[in-house]
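Here is a briefing on one protein model. Please look over the sequence and the coordinates before reading on.

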Amino acid sequence: MAHSKPLLIQWLRTQIDSGTYPGVHWTNQQETEFCIPWKHALRQDASDTDILIFKAWAKVSGNGRIQGDASVWKRNFRSALRAKKFKMIADNKNDTANPHKVFRWPDSTSVDSAGLLSQHEPDLYESPPLHEIHVVPFLEDLYCAEESNPKEDILQRCLQEMNIGPETEDTAAFELPPEQQELQHQHVIGGQALPGQQPYPVALEGAVGEARLPEQPAHPMAGAMGGAYGGQYAVQFLDTVNKTKEGNHFKTQFRISVYYRGEKVSEQLVDNEAGFRLVYRPQMTEPMMDKESGLSLVSLPSPTTIRDQTQAKLTQCILDKLGEGLDLGVSGDIIYGQRRGEIKAFWSFSQFDQSGQKQEISKLQRQPLYQFRDFIQGILDFIGGKACGPCSLFLCLGEKWPDPDNRPWNKKLIMVEVVITSLEILKNLAVEGGASSLQSVELQLSLEEMVIG
């Protein structure tokens with residue numbers, strides 16, 4: 001026999017007053033703020049008592065049947081709070097001793113005298129149909145503003161508001177160098193690169209020239225690992241570093257891989273040292289030059305191959321709002337990013353970033369993301385016994401990244417991996433040869449000069 005679904009407000013007040021859930025309690029005398037335990041499931045001290053309140057809501061809102069696992073219960077509970085205008089006022093989920101969150105009860109304008117929300121207000125996130133339970137992570141995870149009108153369609157609310165808002169980035173803007181600014185006013189003739197923007201493909205063995213990116217040896221130099229030819233290897237490495245620069249200009253290609261919820265759907269190599277612009281133009285089958293910016297246009301693929309129709313619909317909506325696109329370009333020795341459409345974009349150096357600190361790409365100005373000198377500092381650190389620096393950037397469209405709740409990269413609707421190929425060559429040389437092969441005073445002094453600039 002089906003159970004009647006309770007209203008969240010009434011149900012939750014009863015549960016807090018009961019005192020039957022460890023860690024669930026009021027935090028002020030007015031009983032307008034309350035604490036909920038919020039412990040990550042992978043913590044060594046995690047236990048079943050940490051999720052009792054989430055499990056209880058999953059049961060009563062699911063007509064007496066509990067669907068999904070603990071992560072789904074927690075996500076649905078949080079979504080229900082958000083839909084009913086609860087406000088999180090303290091996020092202490094990373095507290096080592098007492099991980100928890102504190103929420104504030106909806107204000108009196110949204111609650112009647114009995115403490116219940118108007119019954120005319122729909123329960124947007126509560127008790128989804130059983131066949132739609134797998135959809136909740138998509139809807140809840142999209143970057144949407146919490147102050148949205150709950151009477152709007154959920155999907156429209158998420159997609160209309162998740163990426164529109166005032167810009168507050170304080171990253172200093174910078175201008176392209178004069179020679180690159182001039183390129184913006186030149187034209188492509190016969191499909192060739194703009195003047196001054198020669199392609200620098202990754203060279204194969206024996207194909208290195210003065211105007212090309214450095215060659216990556218097929219195998220480490222014989223004896224390099226043992227140090228017999230360490231001096232020669234250091235000389236070769238420094239020569240390779242120098243070939244990635246022309247004056248103050250950093251030269252590279254970009255290898256772009258696009259993933260829709262962890263599935264690779266495309267990979268393209270951009271032969272334009274100025275950079276590229278991600279757009280959504282399904283009719284484009286390969287990168288093409290944009291005359292005004294000097295960047296290569298790279299289209300994200302259509303989600304028509306996605307079998308899950310909800311995922312396909314959400315992905316399509318994000319793509320449709322990409323607008324004028326997302327730039328990733330090179331200015332001097334700086335790799336910068338700038339979004340141009342409505343959709344927000346986030347980035348990090350790793351697909352396994354669990355910092356929980358989202359990094360948004362600015363729409364107001366070109367935002368420095370990575371400098372060649374920072375990579376060189378990473379090489380010096382590697383010589384000193386530390387890990388080598390990154391050679392890739394990971395972009396996430398429409399969803400926060402790194403994820404505040406440490407959801408993995410392959411759960412994101414759209415992730416783009418950008419490999420900076422010249423840095424990849426240098427990193428592979430360093431790692432294959434080993435730190436001992438780079439123990440050269442001349443090499444280290446040269447690298448330190450590049451870092452100092």
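This is a predicted model: local features need pLDDT of at least 70, side-chain atom pairs count only at pLDDT 80 or more; totals for chains, interfaces and linings use all residues.

Residues are numbered from 1 along each chain as its sequence is written, and side-chain values use heavy atoms, with hydrogens and water left out.

**Overall make-up**

- The protein has eleven helices and 17 strands. Both are DSSP runs numbered from the N terminus: helices are H or I with at least four residues, strands are E with at least two.
- Of the 453 residues, 50% are buried. Buried means under 20% relative accessible area, exposed means over 50%, and partly exposed is in between, using a 1.4 Å probe and protein chains only.
- Contacts with a separation of 6 or more were counted, and 63% of them join residues 24 or more positions apart. A contact means heavy atoms within 4.5 Å.

**Helix α1 and its two partners**

- Helix α1 spans residues 8-18 and helix α2 spans residues 52-61; their axes come within 12 Å and cross at roughly 140°. Axes are lines fitted to C-alpha atoms, for helices over the stretch in contact, and angles run from 0 to 180 degrees between N-to-C directions.
- α1 and α2 are therefore oblique to each other. The classes are roughly parallel under 35 degrees, roughly antiparallel over 145, roughly perpendicular from 65 to 115, and oblique for the rest.
- The crossing of α1 past α2 is right-handed. A crossing is right-handed if the near helix is turned clockwise from the far one by less than a right angle, and left-handed if anticlockwise.
- On the α1 side, Leu8, Trp11 and Gln15 meet Ile53, Ala56, Trp57 and Val60 of α2. This contact has six nonpolar residues, one polar and no charged. Here Ala, Val, Leu, Ile, Met, Phe, Trp, Tyr, Cys and Pro count as nonpolar, Asp, Glu, Lys and Arg as charged, and the others, Gly among them, as polar.
- α1 also packs with helix α3 (residues 70-83), at an angle of about 115° and with the axes 11 Å apart. That crossing is left-handed.
- Leu8, Trp11 and Leu12 of α1 meet Phe77, Ala80 and Leu81 of α3. The contact of α1 with α3 has six nonpolar residues, no polar and no charged.

**Inside α2**

- Which residues of α2 are buried? They are Ile53, Phe54, Ala56, Trp57, Ala58 and Ser61. Their cover includes α1, β2 (33-37) and α3.
- Ser61 is in helix α2. Ser61 has a relative accessible area of 6%, so it is buried.
- The side chain of Ser61 reaches the backbone oxygen of Trp57 at 2.6 Å. A polar contact is a pair of N or O atoms within 3.5 Å; within protein, one must be able to donate a hydrogen and the other to accept it, and residues adjacent in sequence count only if both atoms are side-chain atoms.
- Ser61 and Leu7 are 54 residues apart in sequence, yet their C-alpha atoms are 8.9 Å apart.

**The α9 and α11 pair**

- Helix α9 (residues 372-383) packs with helix α11 (residues 441-452) at about 145°, with their axes 8 Å apart. The crossing is left-handed.
- Among the residues in this contact are Ile376 and Leu380 of α9, and Leu447 and Val451 of α11. The contact divides into ten nonpolar, two polar and two charged residues.

**Leu395**

- Leu395 lies in strand β16 (residues 392-397). Its relative accessible area is 1%, so Leu395 is buried.
- Beyond its neighbours within four places in sequence, Leu395 contacts residues including Leu278, Phe346, Trp347 and Val416.
- Leu395 and Ser350 are 45 residues apart in sequence and 9.6 Å apart in space, C-alpha to C-alpha.

**Backbone details**

- Most residues other than glycine have a negative phi, and most peptide bonds are trans.
- Trp401 and Pro402 are joined by a cis peptide bond, with omega about -5°. Pro402 is in the loop between β16 and β17 (415-420).
- Glu31 has a positive phi, near 55°. Glu31 sits in the loop between β1 (25-26) and β2, and is partly exposed at 32% relative accessible area.
- Lys85 has a positive phi of about 70°. Lys85 lies in the loop between α3 and β3 (87-92), and is partly exposed at 25% relative accessibility.
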